[in-house]
Amino acid sequence: MSDLDITNLKEEIAKSLAEVRTKEELEALQIKYLGRKGVLATLTQGLSTLPVEERPSRGRQINALKQSIINLFNEKLQSFKPQEKKVISFVDIGLPATKQELGRLHPLTQLIREICIIFSRLGFVVVEGPEIETEENNFTGLNIPLEHPSRDAFDTFYLKEQKLLLRSHTSPVQIRVMKARRPPLAVVVPGRVYRPDALDAAHSFMFHQIEGFMVDKNIKFSDLKGVLEVFARAVFGKDIKMRFRPHYFPFTEPSAEVDISCIICKGKGCSVCGRKGWLEILGSGMIHPHVFKYVGIDAEKYMGFAFGMGVERIAMLKYGIDDIRLFFENDLRFLRQF
Ligand code: PHE
């Protein structure tokens with residue numbers, strides 16, 4: 001067998017393979033060339049008829065031929081197999097795009113903004129203060145004496161640094177603003193506050209308040225009532241009723257807690273309002289002369305009111321939420337409702 005024969009044989013096989021359409025045809029061809037009595041086997045057998053010195057080189061030629069034929073058959077066989085998916089890293093611009101979820105503001109942020117807007121329409125400016133406060137701003141300036149129970153370490157998170165703490169209410173911003181600016185003042189202060197309360201459905205160690213205060217020459221308790229009524233109607237609807245209950249805060253005199261008529265039973269008495277018909281929503285009063293004195297405002301010339309509300313509480317009443325923890329657990333099933 002000459003080199004030419006080998007080339008011809010390869011070409012012949014390649015041609016036949018090109019015409020093969022089914023696996024069965026391929027098998028038949030495989031038997032014809034590579035089978036026990038196939039063309040290649042016959043060639044190998046023919047080696048023994050050659051002179052001994054020619055056998056090794058002829059043997060190598062036949063082996064090489066056999067290997068290239070096997071490769072050709074394998075290639076053909078591959079074409080019958082279902083194409084395996086190759087991992088190809090390119091962007092298929094024909095695919096539908098990944099949906100971009102639009103985020104939204106947290107319900108508390110939404111409510112804080114809503115309330116601040118209500119007060120800005122009445123002429124209030126929005127001011128923020130730091131969450132780490134001094135004992136002076138959080139207590140002393142607000143006429144909370146040393147022996148007052150809320151000053152006790154159990155009610156306030158104290159920091160290692162001397163006389164610093166996590167503010168337990170937003171009222172210290174009254175001190176900051178009144179020290180820095182002169183009346184007339186009309187300010188609302190949204191922000192986080194901290195108290196070492198055990199976590200349950202009604203308590204959290206961190207929650208939000210909105211403080212408000214107004215100081216001018218002739219601010220009366222009736223101004224406080226009027227402003228809070230506008231606020232309560234805007235948040236809870238215009239049919240809401242309010243009542244002022246005498247209370248005590250060291251930094252206001254007189255002081256009052258403010259209730260709204262129960263939004264569930266409309267005042268008749270139910271489980272939400274504890275059969276009282278009223279829901280407490282905030283603390284308020286006329287700014288105490290001691291506070292004015294502390295910040296250097298003439299209490300003979302100026303008067304003012306202040307109030308402070310818990311945002312979570314307002315939100316829970318407004319939306320009928322019965323567990324404060326829902327605000328802080330980042331459960332999208334809850335958050336997506338707002
Ligand atoms: N700071 C008070 C509290 O956290 C609320 C309050 C603010 C009361 C302003 C009166 C005036 O309970």
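1. Let's start with Gln-209: an N or O atom in its side chain sits 3.0 Å from an oxygen atom of the ligand, a polar contact here being a pair of N or O atoms within 3.5 Å. Arg-195 likewise places a side-chain N or O atom 3.0 Å from an oxygen atom of the ligand. For His-169, a polar side-chain atom lies 3.0 Å from a ligand nitrogen atom. Taken alone, the ligand exposes 320 Å², and the protein buries 89% of that (Shrake-Rupley areas, 1.4 Å probe).

2. A word on the basis: this is a predicted model, in which local features need pLDDT of at least 70 and side-chain atom pairs count only at pLDDT 80 or more, while totals for chains, interfaces and linings use all residues. Residues are numbered from 1 along each chain as its sequence is written, and side-chain values use heavy atoms, with hydrogens and water left out.

3. Of its 13 residues, His-169, Ser-171, Arg-195, Gln-209 and Gly-308 come nearest. By class, the shell holds four nonpolar, seven polar and two charged residues, with Gly counted as polar.

4. Which strand gives the most to this shell? Strand 9 does, with three residues (strands are DSSP E runs of at least two residues, numbered from the N terminus).

5. Finally, the cysteines: there are zero disulfides, taking a disulfide as a pair of cysteine sulfur atoms within 2.5 Å. Cys-273 is in none, and its nearest cysteine sulfur, that of Cys-265, is 3.7 Å away. Cys-273 is buried at 3% relative accessible area, and Cys-116 is buried at 8% (buried means under 20%, 1.4 Å probe, protein chains only).

Terms used. Buried < 20%, exposed > 50% of the residue type's maximum accessible area, 1.4 Å probe, protein only. Near = heavy atom within 4 Å. Polar contact = N/O pair within 3.5 Å; in protein donor to acceptor, adjacent residues only side chain to side chain. Helix = DSSP H or I, 4+ residues; strand = E, 2+ residues; numbered from the N terminus.
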